[in-house]
Amino acid sequence: MATVKPFKAIRPCADKVVHVVSKSYQGYSRKELNAQLTYNPFSFLHIINPGYKYHKDVKGPERFQLVHNRYLEFLEDNVFLKDAKDSFYLYQMENGAFSCCGLFCSTTVADYNDNVIKKHEDTLQRREALFANYLKTVKFNAEPVLMTYEDTTAIAKIIELEKQKLVAYHFTTTDKTTHKLWVISEKKTVTELQKGFEKIPALYIADGHHRSASSALLAENSKKENPSHTGKEPYNFFMSYLIPDSQIQIHEFNRMVKGLNGLSKEAFLIRLDAFFRIENQGNVLYRPSKKHHFSMYLDGAFYSLYLRKKVYRFTDALSYLDTQILFKTILEPILGITDLRKDKRIAYGHGKHNIIEMKDAIDKGRFTVGFGMLPVRMAEIKAIADAGLVMPPKSTYIEPKLRSGLAIYEL
């Protein structure tokens with residue numbers, strides 16, 4: 001049973017929202033970031049890059065405090081306003097063929113700890129602790145955890161009815177994405193949505209494993225420091241954006257590796273032959289056509305790799321995952337890559353043009369060999385999460401990528 005709660009969001013005033021919301025700062029080039037900070041005084045980037053005001057690169061606790069200060073300034077200048085009622089926030093994004101419509105809400109740390117909110121990625125304790133300290137200092141959460149739930153007729157009907165009502169925001173960003181947001185504060189509708197989610201057995205984290213883990217750590221630490229803890233404090237919850245399984249879009253990450261671990265090209269191909277039927281596809285861009293088939297680019301030629309299923313052992317949900325198969329048959333035993341996070345010989349790429357970019361990087365000598373595969377399916381993610389297993393890093397590139405500063409949850 002999933003618990004979702006409405007909250008009083010801090011939101012941009014309507015006439016400035018298009019100027020306030022931003023992509024993750026990592027989504028901007030240095031030139032783009034500087035342009036936003038120089039020419040757009042309302043950008044949320046000013047809050048998360050507070051040192052810009054002083055022409056100084058700040059880090060650690062000093063940065064956290066300045067982030068909090070910049071946030072207070074946006075409130076004082078009425079760039080941000082606080083809603084009067086606890087509400088859910090229905091948010092729709094449309095860009096070409098891609099569209100999603102989901103719900104901003106607060107979800108519970110208790111559900112996270114009890115595995116009602118399910119994970120499929122490992123987190124790093126160092127990053128958890130760093131972000132928990134960040135949240136404690138800045139006292140707000142502006143980037144929701146993206147979660148999915150099984151498509152449900154009852155919830156879908158409520159959402160469709162709410163979309164017929166007056167929209168609070170309707171704007172288009174420069175990437176040609178149209179954004180709409182509706183505020184759901186009527187008690188009857190709020191209760192109906194909560195009851196709808198109570199019938200859903202689990203929520204699945206699609207993006208935001210470190211954010212959710214850090215929120216859980218913050219709650220644990222805050223409980224120890226609060227002798228009057230009741231379980232209703234804001235730190236017991238974190239902001240999430242929930243969309244149906246059918247509206248998630250998953251792209252693959254390709255792998256590129258430097259060197260062949262001391263092997264010649266011929267010796268490498270012979271080692272591959274133990275697990276794969278190999279066909280040289282020449283210089284024509286080759287993409288795999290189904291699961292457990294891989295593309296490989298090496299020395300100016302594409303190859304198709306077909307897994308020999310009588311040789312490879314399928315033992316659990318993780319073993320069926322193509323990124324795991326690639327790791328267990330090639331990256332680890334042949335290329336000697338045991339740590340996919342830290343080994344500097346391996347790099348990852350995503351996007352519809354990545355196969356061309358991968359080929360170009362290898363042709364220019366930056367890498368030696370590259371591998372492509374089909375995207376992971378949502379059913380695979382759920383099976384791995386249900387089994388309590390962990391996917392290899394960079395197994396999925398998931399959309400939507402949400403804007404920061406559209407709705408803020410105060411801690």
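A crossing of two helices is called left-handed if the near helix is turned anticlockwise from the far one by less than a right angle, and right-handed if clockwise. Helices (H or I, at least four residues) and strands (E, at least two) are DSSP runs, numbered from the N terminus. The structure is a predicted model, in which local features need pLDDT of at least 70 and side-chain atom pairs count only at pLDDT 80 or more, while totals for chains, interfaces and linings use all residues. Residues are numbered from 1 along each chain as its sequence is written, and side-chain values use heavy atoms, with hydrogens and water left out.

The crossing of α4 and α6 is right-handed. Helix α4 (residues 60-76) packs against α6 at an angle of about 40 degrees, and their axes are 8 Å apart. Axes are lines fitted to C-alpha atoms, for helices over the stretch in contact, and angles run from 0 to 180 degrees between N-to-C directions. Contact means heavy atoms within 4.5 Å. On the α4 side the contact is made by R63, F64, Q65, V67 and H68, and on the α6 side by L130, N133, Y134, T137 and V138. By class, five of these residues are nonpolar, four polar and one charged. Here Ala, Val, Leu, Ile, Met, Phe, Trp, Tyr, Cys and Pro count as nonpolar, Asp, Glu, Lys and Arg as charged, and the others, Gly among them, as polar.

Helix α6 (residues 125-138) also packs against helix α9 (residues 209-225), at an angle of about 65 degrees and with the axes 8 Å apart. α6 passes α9 in a right-handed crossing. The residues of α6 in this contact are R127, E128, A129, F131, A132, L135 and K136, and those of α9 are H210, R211, A213, S214, S215, L217, L218 and E225. The contact of α6 with α9 has seven nonpolar, three polar and five charged residues.

In soluble globular proteins, nonpolar side chains tend to be buried together. Buried means under 20% relative accessible area, exposed over 50%, and partly exposed in between (1.4 Å probe, protein chains only). A nonpolar core is a set of buried Ala, Val, Leu, Ile, Met, Phe, Trp, Tyr and Cys residues joined through side-chain atoms within 4.5 Å. The largest such core has 54 residues, and those with the most contacts inside it are F44, F80, F140 and F197. Apart from neighbours within four places in sequence, F197 is in contact with A2, V4, L103, Y149, I155, L203 and L242. A second, separate core has 36 residues, including F104, L146, A206 and I381.

In helix α13 (residues 378-386), the buried residues are M378, E380, I381, K382, I384 and A385. Among the elements that cover them are β6 (117-118), β8 (145-149), β11 (203-207), β13 (249-251) and β20 (397-399). G388 follows α13 and has a positive phi, near 70 degrees.

P244 is in strand β12 (residues 237-244) and counts as buried because its relative accessible area is 9%. Leaving aside neighbours within four places in sequence, P244 is in contact with C101, Y149 and D151. T173 lies in the loop between β9 (169-172) and β10 (178-184); its relative accessibility is 7%, so T173 counts as buried. The side chain of T173 makes a polar contact with the side chain of D175 (2.6 Å). A polar contact is a pair of N or O atoms within 3.5 Å; within protein, one must be able to donate a hydrogen and the other to accept it, and residues adjacent in sequence count only if both atoms are side-chain atoms. T173 also touches V21, H179 and R403, residues up to four places away in sequence not being counted.

Some backbone angles are also listed. N78, in the loop between α4 and β3 (80-82), has a positive phi near 60 degrees and is not a glycine. N78 counts as partly exposed because its relative accessibility is 47%. H292, likewise a residue other than glycine, has a positive phi near 70 degrees. The place of H292 is in the loop between β15 (276-282) and β16 (293-298), and H292 is buried, with a relative accessible area of 9%. A cis peptide bond, with omega about 20 degrees, joins E399 and P400. P400 is in the loop between β20 and β21 (409-410).
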